[in-house]
Amino acid sequence: MFSKFAIPRRPGFKPIMRFVCCFIPALLIELAYCCTLPYVDVIEGGERKLVLLLHAAALLSTLLLLYRPRLPRVLRYLSIAAAPGISFFLMEYITHFAPRDISIPIIILNLVLYYLLGLFLLFLFGRSWAAVTLVTVFPVAVGLISYYVLQFRGNPLLPWDISSFATAMGVVSNYTFLPTIRIDFVLAMAIFQVVLGIKCSETLLRGKPFLRLSLSAAFCALLAAACFYVRSDHCIRSFSLDNTSSNVSLVYTRNGFMVAFLVSTNYSEEPENYSLDMIDGFASQYPSDPVSTEEEERPNVIVIMNESYSDLRVLGDYETSEPLFPFIDSLEENTAKGWAHVSVLGGNTPNSEFEFLTGLTMGFLPQGVIAYSQYIGTPVPSLATQFNELGYRTVGAHAFWGPSWNRDKVYPLLGFQDMYFKEAFPEDAETLRLWITDSEMYKLVEDIYEESEQPLFLFGITMMNHGGYHGTAGNFDPYVSVKGLEDNGSVSEYITLMRETDKDFQELIEYFSQVDEKTVILLFGDHQPNDDVAAPIMELTGSSAASEDVSQSSRRYITPYVLWANYDVDFDLPEDLSLNYLAAELMKACGLELTGAQNYLLDLAEEYPVISSQCYWDAQGNVHPISDYTDEEGLTEYACIQYNYLLDGRNRREEFWSLEE
């Protein structure tokens with residue numbers, strides 16, 4: 001009996017190494033399991049069964065590799081035939097149980113894609129072990145990436161994330177990749193399937209390369225056609241695919257990863273009833289203000305979009321060991337405060353920039369799309385071009401590298417005259433955790449102001465508060481805590497950063513309080529932190545961000561804004577507004593000329609004070625899911641105006657977005 005196993009019967013390097021290598025898959029599985037144990041408090045119920053299956057996969061993988069005879073033909077064929085289907089269920093199981101959450105027709109639609117991929121690989125390589133390995137490893141690897149993207153950002157992997165790979169690599173070192181029992185189980189089963197595929201390997205069409213490659217090309221064409229079909233309206237209607245929910249994670253759960261990924265690539269559809277006559281009508285109804293020729297002092301305008309700056313009391317009341325924003329709370333004279341409703345959560349910062357600088361909304365674009373990557377490829381009018389027309393020096397600054405989110409390419413297209421990125425900071429610039437502090441950013445702002453001979457418009461983005469938050473940074477000792485969560489390092493780290501944000505902003509305000517030139521400073525947050533911080537606070541306060549209750553879930557998309565001036569002025573801004581309105585309100589508050597689009601937006605805000613990727617508010621303050629915007633005539637008109645700006649550039653009515661000369 002033992003003669004059928006690869007057990008060395010006499011000393012020798014090669015037989016001993018073959019014997020040792022048979023244990024490598026089991027060792028990898030057990031290593032993953034051991035690494036998980038410190039992060040799992042209790043293993044019980046279904047998780048205990050996963051642990052047993054994990055060990056079983058390790059044992060069977062070893063026995064398969066030790067077993068020398070070929071397995072029965074029926075078993076070989078069944079293992080090859082089942083591989084794509086098993087890969088689908090393994091990939092989905094990283095985050096959810098597919099048979100429970102996905103309807104049978106949609107499961108079949110996903111399986112068709114997996115099997116077409118498997119058949120393409122099978123005929124391409126001509127060896128089943130290669131096809132089984134790739135059709136297993138690739139989906140599981142993508143599933144793991146999507147899982148960790150979901151943990152860090154709140155949304156799964158999306159098509160546009162591929163173009164943001166360099167940016168992700170720039171910040172990945174500040175996150176912790178904690179495994180789970182589910183992940184270990186999926187890895188164990190994937191390794192077992194690969195080992196089984198190797199033991200059950202078959203060679204196809206030996207000596208007939210032309211036929212084999214022809215079949216591979218045919219299945220590649222079928223796979224491409226299937227992918228295009230999945231993206232079509234016919235497929236979406238026929239299979240009742242979810243492509244409207246504001247919760248991207250829920251869309252992926254209901255549709256399956258591969259189908260949801262393909263459906264989300266539709267981002268350029270022309271709105272119903274779009275026409276240039278409609279756009280011309282709005283352009284004539286809302287003319288742009290002429291640039292004043294009178295000698296007058298225009299204020300410097302400094303906008304700080306603060307990374308992850310938020311006041312999580314919007315989620316529920318809680319107490320901290322000391323006040324978080326004593327300085328900002330103390331500002332009263334020449335000050336306006338309120339809540340900015342944003343369209344991103346835990347990441348995708350450039351979408352907040354996009355909304356503020358253009359006056360457009362992410363609500364009419366696919367969930368998770370990166371506007372800078374997908375839409376800004378040629379010069380477009382923006383807040384920066386408007387300040388250029390007013391004779392300002394326009395500066396874009398960020399305390400990180402210029403290629404991050406393509407800012408070094410996008411800022412000139414938005415009209416910024418000058419750009420300052422991480423390389424503009426001193427080599428010994430102060431850092432907190434891994435990132436340059438807000439204080440250093442504000443020193444750069446002050447230097448730019450002092451060297452400017454024209455009125456200054458500066459749009460600056462900080463970096464100090466960037467995730468992740470795990471309370472283990474060597475150069476940072478959290479000193480503020482939430483009562484009831486004193487032992488939660490992630491919460492204490494983030495909350496302490498908010499206290500530091502308040503201190504550093506005080507430095508900026510105190511500096512400009514002493515200058516003679518009129519200066520207006522706007523501070524707002526780009527998004528709230530991820531669930532590592534927010535989930536414990538919501539659990540503590542008994543609040544909920546239930547996915548089906550948009551009035552609850554949209555609270556995760558609210559950050560503070562503060563508008564301050566160093567001269568006497570009576571600001572009149574709404575307490576709640578979305579970022580697409582904030583620039584128009586800023587220009588009005590500064591007494592500066594408005595474009596036709598800004599005049600239009602100020603009127604639109606009376607009817608719909610909030611429009612974001614999650615929801616819109618009506619004039620009575622009722623909250624509606626953004627997917628219902630097509631029921632509102634005013635919002636469909638706004639969508640047409642946005643389409644003209646973004647996707648019909650040849651017919652863009654530039655006079656609507658620019659000041660009258």
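This is a predicted model: local features need pLDDT of at least 70, side-chain atom pairs count only at pLDDT 80 or more; totals for chains, interfaces and linings use all residues.
Two strands are said to pair if DSSP finds at least two bridges between them.

I shall begin with two paired strands. Strand β8, residues 519-525, and strand β9, residues 558-565, are joined by 5 bridges in the antiparallel sense. Within this pair, L523 stands opposite V562 in β9.

Both strands belong to an open sheet of 8 strands with mixed pairing, and the order is β4-β3-β7-β1-β8-β9-β2-β10. The edges are taken by β4, residues 418-420, and β10, residues 576-578; each has a single partner strand, so one side of each is left without a neighbour in the sheet. From one strand to the next, the twist averages 20°.

Let us turn to β7, residues 456-461. How many of the residues of β7 are buried? The count is 6 of the 6, so this strand is largely enclosed by the rest of the structure. In a regular strand, side chains alternate between the two faces of the sheet. In β7, L456, L458 and G460 point one way, while F457, F459 and I461 point the other way.

The partners of β7 are β1 and β3. Strand β1, residues 300-306, pairs with β7 in the parallel sense over 5 bridges, and V301 has F457 as its bridge partner. Strand β3 also runs parallel to β7, with 6 bridges joining them; here V395 stands opposite L458.

The loop between α20, residues 438-451, and β7 contains S452. Is S452 buried or exposed? Its relative accessibility is 15%, and buried means under 20%, so S452 counts as buried. The side chain of S452 makes a polar contact of 2.7 Å with that of R393, a residue of β3, which spans 393-398.

A helix also covers this part of the sheet. Helix α19, residues 407-414, lies across β3, β4 and β7, and runs at about 155° to β4.

Finally, I come to a pair of helices. Two packed helices are described by the angle between their axes and the distance between the axes. For helix α14, residues 276-285, and helix α26, residues 633-646, the axes come within 10 Å and cross at roughly 100°. Angles of 65 to 115 degrees count as roughly perpendicular, so that is how α14 stands to α26. On the α14 side, L276, M278, I279 and F282 meet E637, C640, I641 and N644 in α26. By class, this contact has 6 nonpolar, 1 polar and 1 charged residues.

Thank you for your attention.

Methods
Residues are numbered from 1 along each chain as its sequence is written. Side-chain values use heavy atoms; hydrogens and water are left out. Helices (H or I, at least four residues) and strands (E, at least two) are DSSP runs, numbered from the N terminus. Axes are lines fitted to C-alpha atoms, for helices over the stretch in contact, and angles run from 0 to 180 degrees between N-to-C directions. Contact means heavy atoms within 4.5 Å. Angles under 35 degrees count as roughly parallel, over 145 as roughly antiparallel, 65 to 115 as roughly perpendicular and the rest as oblique. Ala, Val, Leu, Ile, Met, Phe, Trp, Tyr, Cys and Pro count as nonpolar, Asp, Glu, Lys and Arg as charged, and the others, Gly among them, as polar. Buried means under 20% relative accessible area, exposed over 50%, partly exposed in between (1.4 Å probe, protein chains only). A polar contact is a pair of N or O atoms within 3.5 Å; within protein, one must be able to donate a hydrogen and the other to accept it, and residues adjacent in sequence count only if both atoms are side-chain atoms.
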